[in-house]
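Open the model in your viewer and keep the selection tool at hand. The stops below say what to select and what is there.

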Amino acid sequence: MLLIFFFSSGSVFFIPKNIWAITLQELSNQIAALSSEEEALVEEVIMVEAAIDTTKNEIVNLDIKISAFEDELEQLNAERNVLQKSINEKRNLLEERIVYTYKYSRNSVVKMILTARDINEFFSVLYLMKNILQQDAELIESIRLDKESYDRIMRKSEEKKKELQDTMSAKENEQEKLEANLEKNEFLLEKVKSEKTNVAGVLSAIRERIARIQPEGVSLTGEWAMVATAYYAGGGGLNGNGITATGLRARKGLVAVDPKVIRLGTKLYIDGYGVAIAADTGGWIKGNRIDLCFDTLEECHRFGRRKIYVYLAE
């Protein structure tokens, strides 16, 4: 009994972190799902690559527009310089006239009016004065119009420059986002391909193992990787009275499992042991542990504890 207890309870020192079990159909479904995801990612990568090419072409066209705008800007700067020169010349002329008028015109005009010999000469002097004032007014108006043209050219050039710079910046940001998205999709695609390859490898490996041990009249459709121990049917079973958790008397062909991993009543196949039924439980049988019932102590001792594959049988 002590030996039997040691076999059954020794697994407390080995409790795996991950429990893994999957059927062949689940693996096939997973591969199909990964194939669909792979196809969708490939389409997404193609779309993003096309969008990147389009954006690159738009940026090239913007470069051409900016080059043309720089030529236009040079012309605008030339016009601006001409206007600036014209404004400066007219301002200087106006200043000279204002100074001259301030110094001389008042006395000269008064003198000319007072010394007029007759009424005709008097009106002639007034007309001359009017023409001088009109020319000054026209010069002032000309300066104003030149200044408006100058300001309009400056606004136009600055607005156009800002518009192109904003558009270029937006396109460059768009391209950066597209490239980042492409990199992400390509990473996901490689990850999906890797997962698909891994799952396909697992499925192939399980099928190869099943092919080597395939029993007659039994279809194996799934696999668990487990740690197995043994217990003696004549020693009272795991419950101490020879009766399993399902009410059956302990005997070879009945095994103890964790019901959270393998449901009680499940038909199993274990290479070297044969067809079995998950019929019992135990305090130490947790996770990917399984306890096989044998009819003799010698069989229990010979089996000991080992890593095995447990197959779902139909």
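Select helix 2 (24-114) and helix 3 (119-213): each supplies at least two residues of a negative patch. The coordinates come from a predicted model, so treat the tour as a walk through a prediction.

Next, pick out E49, D53, E183, E186 and E190, which gather on the surface as this patch of negative charge. Which helix gives the most to the patch? Helix 3 does, with three residues.

Stay on helix 3 and select E186, which lies in that helix. Its relative accessible area is 35%. Because buried means under 20% and exposed over 50%, E186 counts as partly exposed.

Now move to strand 5 (residues 274-280). Is strand 5 largely enclosed or open? Five of its seven residues are buried, so the rest of the structure largely encloses strand 5.

Strand 3 runs parallel to strand 5, and three bridges join the two.

The last stop is the turn. Strand 4 and strand 5 form a hairpin with three residues between them. Select G272 in this turn; G272 has a positive phi of about 90°.

Terms used. Residues numbered from 1 in each chain as written. Predicted model: local features only at pLDDT ≥ 70, side-chain atom pairs only at ≥ 80, totals over all residues. Heavy atoms only, no water. Buried < 20%, exposed > 50% of the residue type's maximum accessible area, 1.4 Å probe, protein only. Helix = DSSP H or I, 4+ residues; strand = E, 2+ residues; numbered from the N terminus. Pairing = 2+ DSSP bridges. Patch = residues over 30% accessible without salt bridge, like charges linked within 9 Å, V, L, I, M, F, W, Y side chains within 5 Å. Areas by Shrake-Rupley, 256 points an atom, 1.4 Å probe, with all protein chains shown as cover. Salt bridge = Lys/Arg side-chain N within 4 Å of Asp/Glu carboxyl O. Lys, Arg positive; Asp, Glu negative; His and termini not counted. Charge placed at Lys NZ, Arg CZ, Asp CG, Glu CD.
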